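Subject: The structure for you to look at

Hello! Here is the structure I promised to pass on. Please open it beside this message, and then read on for what turned up.

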Amino acid sequence: MVPSVSASNDMPLLVMRGITKVFPGVRALGAVDFTLRAGEIHALLGQNGAGKSTLIKVLTGVHRHDAGEILLAGRPIHPRSPQHAQLLGISTVYQEINLIPFLSVAENILLGRQPRRWGRIDWKRTNQMAREALSRLELPLDVTRPLNTFSIAIQQMVAIARALDIAARVLILDEPTSSLDAREVAELFGVMHRLRERGLGIIFITHFLDQVYEIADRLTVLRNGALVGEYAVGELPPVELVTKMIGAEAGSGRTPGRPSPPRGPEGPEPHSRGVGAPAAGPPLLRATGLGRRGALNPLDLCIGRGEVVGLAGLLGSGRTETARLLFGIDRASSGHIEIDGRPVRGGGLRSPRAAIRHGLGFCPEDRKTEGLVPQLSVRENIILALQARTGWRRLAPRTQRRLAQHYVESLRIASPSRVGSDFHVRRELERPVSELSGGTQQKVILARWLASQPRLLILDEPTRGIDVGAKAEVERLVAQLRDQGLAILFISSELEEVVRDCQRVVVLRERNKVGELSGGDINLTAVLRMIAG
């Protein structure tokens, strides 16, 4: 049952001090501190790669930390596994319900701990104990019904009831509201309030800032594996919170630690929306009321020929969801798409193959698992989209090599010294793409879609995980493609890139389109304010 811990106790319930975790080639956490008090809801915030998941995995025994210490109620602990963490009083409820849907509610709550009588499960006592566990959440349910006959919100509550029934003192809620509607969120928040009043310490991980300000007492921000700071919610305005999460400084036009705009041999590249950028052509793609139930609320979006349109927003705002709907990876539940002023049959693009036929290309956020086939060569990865477009007719080997060589040289996928002869060219073309650097792999994906001669290119985080020089090359390539008349949808967590490279910026917040900026109105402060609401 939930322990009664006084919220006024001066001693923190949980202290993580100087937590460091290093994976091969990656410092995931660097001397991070985190403090949770009894009777407190503490939000843990940060963008992708900030270190939130790693910190929670250290706390729950999935990973062993390399340095630092963890204190629970003033005593050092060393969680060895999630099961051991539960025995210590630390329970986690994940975004994906980690229960067995075809078993009953009672079975899920007491799984592995069912009371027995004469060597068999005592079902009467099991059901009674499950009702008692749910009564602590003021949730009357028929505990004999299968779990999958209830809504996702109720399944979340059952997962919480199970966590609390294992005598939890620390409850971790990992994105618990991502699949809930407004009414269900309100019900969950009611439960969280009651648990806080009983002295439970709750770690609330979310990307919905409005919910942070509604429910949390304090918040901790991580960025790039480092602690940015811990704040009382009422003392940190939303705009300041956003700047701390993404590392931008409103009004400065720059991001700390990031270079100035990319420079070519003749000086800085012109801003896409400023001098030197051609005016956008007529609309190539227009989406009206495009949405997907539970993932993206209906929005309107227009992209013209020779135009770079940016999608700005925090993690979970709906940027990638928009890209996936446009490219036909996910099916829209509302709205329709027009290309060249003509409605697409069926309202939207129903598959990536249909999107490719209409002249769309898509560079996904996760290039390693969704963009590349690491066992294949540079040549094979480059010709994939074009081969899919031509169907069963296999491209001749000579055609494959000619196309691949063209993009290897024009995008500088290999250094000039490596392509000085036919022998070296062929060797570079046949190298496994897994041997290339992150920036070069990104250029291979771009080459793939350019080889298919698209009219609209969707770039989802094209500069993530690559070095500064490679980022500058990608940004210069975007400007060149725009000048050649290609339409580009540009998605980046680096707001400085969005401001610098786009002629129009569409701002998303919590799955909604909340505004649009164009031309001289595009600046970092304006984008931050829209994101923060």
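Two strands pair if DSSP finds at least two bridges between them. Helices (H or I, at least four residues) and strands (E, at least two) are DSSP runs, numbered from the N terminus. With that in hand, look at strand β23 (residues 504-509) and strand β24 (residues 512-518): they run antiparallel and are joined by 6 bridges.

Before going further, a word on the ground rules. This is a predicted model, in which local features need pLDDT of at least 70 and side-chain atom pairs count only at pLDDT 80 or more, while totals for chains, interfaces and linings use all residues. Residues are numbered from 1 along each chain as its sequence is written, and side-chain values use heavy atoms, with hydrogens and water left out.

**The whole chain**

The protein chain has 18 helices and 24 strands. Of its 533 residues, 53% count as buried (buried means under 20% relative accessible area, exposed over 50%, and partly exposed in between, with a 1.4 Å probe and protein chains only). The chain exposes about 23,900 Å², and carbon and sulfur atoms supply 50% of that area (areas come from the Shrake-Rupley method with a 1.4 Å probe; for residues, only the protein chains shown count as cover). Contact means heavy atoms within 4.5 Å. Among the contacts in the chain with a separation of 6 or more, 68% are between residues 24 or more positions apart.

**Two hairpins**

Back to β23 and β24. V506 has E516 of β24 as its bridge partner, and L508 stands opposite K513. The hairpin has 2 residues between the strands, and E510 takes a positive phi near 50° there.

R223 stands opposite A226 in β12. Here too there are 2 residues between the strands, and N224 has a positive phi near 55°.

E175 has a positive phi of about 50° and sits in the loop between β9 (170-174) and α6 (182-197). At 8% relative accessibility, E175 is buried.

**A sheet and the helix on it**

Not counting residues up to four places away in sequence, W449 touches F327, I356, L360, G361, F362, C363, A385, P454 and L457. W449 and F362 are 87 residues apart in sequence, yet 7.4 Å apart in space, C-alpha to C-alpha.

**Two pairs of helices**

Two packed helices are described by the angle between their axes and the distance between the axes. The axes of helix α12 (residues 378-390) and helix α13 (residues 397-410) come within 9 Å and cross at roughly 105°. These helices are therefore roughly perpendicular to each other (angles under 35 degrees count as roughly parallel, over 145 as roughly antiparallel, 65 to 115 as roughly perpendicular and the rest as oblique). The residues in contact are V378, R379, I382, I383 and L386 of α12 with Q400, R401, L403, A404 and V408 of α13.

In the other pair, the axes of helix α8 (residues 238-246) and helix α18 (residues 524-532) come within 8 Å and cross at roughly 110°. That makes α8 roughly perpendicular to α18. P238, V239, V242, T243 and I246 of α8 meet L528, R529, I531 and A532 of α18.

Happy exploring!

Methods:
Axes fitted to C-alpha atoms, helices over the stretch in contact; angles between N-to-C directions.
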